[in-house]
Every structure is written in C-alpha cells, then in structure tokens.
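Open the structure in your viewer and keep the selection tool ready. This short tour goes from stop to stop.

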Amino acid sequence: MRLVIKVGSNVLTRSDGKLDVTRMSALVDQVAALRAQGHEAILVSSGAVASGRGELKVDHKLDSVEQRQLFSSIGQVKLINLYYSLFRDYGIPVGQVLTMKESFATRREYLNQRACMAVMLENGVVPIVNENDTVSVTELMFTDNDELSGLIATMMDADALIILSNIDGIYDGKPGDEGARVIARVEPGRDLSAYIRQEKSGFGRGGMLTKCSIARKVADEGIRVVIANGRRDGILADLMAAPEAVPHTEFVPSPTPSSTMKKWIAHSASFAKGVVRVNGKAAEALRGDRAVSLLLVGVTAIDGDFEEGDIVTIADSCGNAIGVGRSAYGSDEARSLIGAHDVKPLIHYDYLCLE
C-alpha cells in the first residue's frame with residue numbers, strides 16, 4: 001500500500017513554537033514500522049518555519065515575507081537533518097523534495113515531479129516533501145501543506161492520504177463542547193458545511209475548512225483520506241491495525257477513480273490561463289449525467305490569452321465557474337471558431353473536470 005502522510009506544524013511543534021523532537025522520533029518509528037510491513041510512505045512535513053524560528057533571535061522587525069524566507073531557510077536544514085538521523089537508525093534513506101505550486105502548473109513539470117518521487121520509492125527512499133518557503137512568497141502559494149499533500153497523493157496514485165493534525169477529526173459540533181463527537185465516516189456527496197469551523201490552527205496557515213475541502217476532492221478521485229490526531233501515541237500504527245479503536249474521520253473514496261490526467265486537472269484551477277464562457281444549453285449538458293466534451297458551438301466568449309494545452313476555467317452565462325479543462329486550441333484560434341459546428345471539441349471529456 002502506498003501512503004502519503006501529512007504532518008502539520010501543530011503536530012511537530014511544542015507550545016513554545018520549537019520543534020518537538022520526541023514527537024518526530026515517534027513518528028519516524030511508526031513510518032519505519034509501516035515500511036517493515038511492506039508499505040510505501042511519502043512524508044509531507046511542515047515545521048521548517050517553526051524550526052527556524054527557534055534557532056535564531058532577530059533584533060529588528062521583519063515583515064511576514066522576510067520571516068518566512070529567513071526562518072524556513074534555516075529551519076528546513078534542521079528539519080531534514082533530524083529526519084535523516086532518525087531514519088538512519090532504521091537503515092532507511094530519505095530524500096528531500098522542495099516544491100512550489102508553480103511546479104504543478106504544467107503537465108511536463110507535474111510528470112517530472114512524479115518521476116522523481118517514483119524512482120525514490122522504487123529504490124527504497126522515503127521522500128520528505130515540503131513547500132519551498134524561501135521562494136514561495138507570492139499569491140500563488142499552497143493554502144498550506146494539506147493542499148500540497150492532496151496534490152502529492154493524487155499525483156503518486158496513493159492508496160491513502162493520512163492528514164495528521166492536532167485534533168481527532170471533523171466534529172459534529174465545537175470540539176470540547178458537551179456532546180460534540182467526531183464524524184467517523186464521510187460518504188461521497190455528504191455535506192459537512194454546517195460542521196466546519198474556519199479558525200486557523202496555532203502554527204499553521206490553514207484550518208479544518210482547508211482539510212475538509214482537500215479531503216473531499218482527493219476522495220472523489222478514488223483515494224481514501226483520513227484526518228486524525230498526530231499527537232496521539234501510535235496513531236499511524238492504530239489506524240492501520242485497528243482503525244475502529246482510535247477516533248478519526250475517514251472520507252470514503254469514490255468507487256470510480258479518476259485517470260491520472262483528470263487528477264492533475266482537478267487540482268489545476270488556480271493555474272487557469274483564461275476563461276471560456278458557455279451558453280445555457282452547453283452548461284446544462286456539462287452538468288448532466290452523460291459524459292460530454294465542450295464543443296465550440298456552445299461557447300459564447302473567451303477571455304484571456306492561452307496556448308493549446310493550457311488549463312482554462314469554464315463559466316456559465318452568470319459567470320459561475322462550472323469546471324476546468326485542458327484546451328485543445330490556443331485562445332486566438334478558439335475565438336475565431338466560436339459557435340462553429342463540425343470541429344474538434346475545445347475541451348475533450350478526457351481532459352475536463354467539472355465541479
């Protein structure tokens with residue numbers, strides 16, 4: 001079984017913001033045990049900024065970008081060296097993979113990353129993945145490592161994505177309130193919006209809203225997703241051996257997994273180079289039960305400049321996004337063919353992902 005395990009900052013840091021080496025060691029022990037059982041593991045680990053913050057005292061004020069760049073550059077060195085030392089005790093080699101959201105924008109870069117991690121796994125190396133915070137300082141950043149772990153899980157065709165946070169899962173009320181319980185199982189299509197609180201966690205960038213959104217998307221693509229408490233002793237071992245004995249939330253995977261191409265497209269909305277506007281009939285057909293391609297006869301307008309193979313957003317007549325897809329035309333040629341019959345689809349069904 002191939003597992004992607006995401007460990008959040010709140011799992012790896014103590015209350016004073018410094019790295020919790022004891023927790024890291026326990027996590028490595030569990031990953032090593034899973035490997036001994038024949039499982040493959042990819043670790044998506046936060047903690048670089050928190051780790052660096054504990055290593056350096058700055059005597060002048062830094063803005064938020066400067067802090068991320070400075071502390072992550074120091075902290076990532078400490079973080080990967082700790083992982084190296086801890087895994088070395090088990091004779092397990094590790095490899096560092098620093099990536100950015102832009103690195104998933106094109107199919108070529110996406111496949112290059114996939115090939116890199118595939119050869120690591122084939123040779124018994126545990127990939128340890130993190131966002132490259134030293135240069136990822138623009139608006140095109142991952143919401144947090146939950147989003148990154150979802151991309152990694154789909155890119156690597158994982159069997160399961162395990163998101164370790166500092167709470168037991170998604171609750172049907174406010175955690176800690178009397179009667180509030182963890183929702184153990186989320187079937188495809190279940191609406192959880194009434195239960196999700198939008199607060200961010202102490203040392204992370206995201207919150208439960210992000211986790212739920214990512215979990216839903218990944219599960220819809222055919223991958224089991226578990227949200228659990230990484231501060232519980234032996235959590236990974238328990239989830240694998242006796243999941244019913246430990247509180248967690250599981251998102252049940254769709255019975256019809258997406259293709260690898262559709263998985264990439266499903267996570268590519270933020271990379272869209274343009275917007276294709278469609279009429280009511282085309283929007284209805286796309287939203288229907290049948291598998292259909294987007295034909296140019298149903299297109300009313302095209303915004304933006306893009307090339308053949310770029311990702312574009314599809315919007316209805318009211319401007320609501322209804323999906324994303326890979327364009328078979330450049331924007332200029334597509335504009336010249338708006339409304340045309342008997343030409344190839346603007347977006348073939350195989351390269352189309354609807355919301």
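**Stop one: a loop aspartate**

Select D157. This residue is partly exposed, because its relative accessible area is 28%, between the 20% limit for buried and the 50% limit for exposed. Keep in mind that the model is a predicted one. Now find where D157 sits: in the loop between α6 (145–155) and β5 (160–165). Check its backbone next. D157 is not a glycine, yet its phi is positive, at about 50°. Most residues other than glycine have a negative phi.

**Stop two: another loop**

Jump to D342. Look in the loop between α11 (331–336) and β13 (352–354). Is D342 buried or exposed? D342 is exposed, with a relative accessible area of 84%. Its phi is positive too, at about 55°, and D342 is not a glycine either.

**Stop three: two helices**

Select residues 21–36 for helix α2, then residues 64–88 for helix α4. Their axes are 10 Å apart, and the helices pack at an angle of about 50°. α2 is therefore oblique to α4. Turn the view to follow the crossing: α2 passes α4 in a right-handed one.

Now show side chains. Which residues of α2 meet α4? On the α2 side, pick V21, M24, S25, L27, V28 and V31. On the α4 side, pick L79, L82, Y83, L86 and F87. Colour this contact by class: ten residues are nonpolar, one is polar and none is charged.

How values were computed: Residues numbered from 1 in each chain as written. Predicted model: local features only at pLDDT ≥ 70, side-chain atom pairs only at ≥ 80, totals over all residues. Heavy atoms only, no water. Axes fitted to C-alpha atoms, helices over the stretch in contact; angles between N-to-C directions. Helix = DSSP H or I, 4+ residues; strand = E, 2+ residues; numbered from the N terminus. Parallel < 35°, antiparallel > 145°, perpendicular 65-115°, else oblique. Left-handed = near helix turned anticlockwise from the far one by under 90°. Contact = heavy atoms within 4.5 Å. Nonpolar A, V, L, I, M, F, W, Y, C, P; charged D, E, K, R; others polar. Buried < 20%, exposed > 50% of the residue type's maximum accessible area, 1.4 Å probe, protein only.
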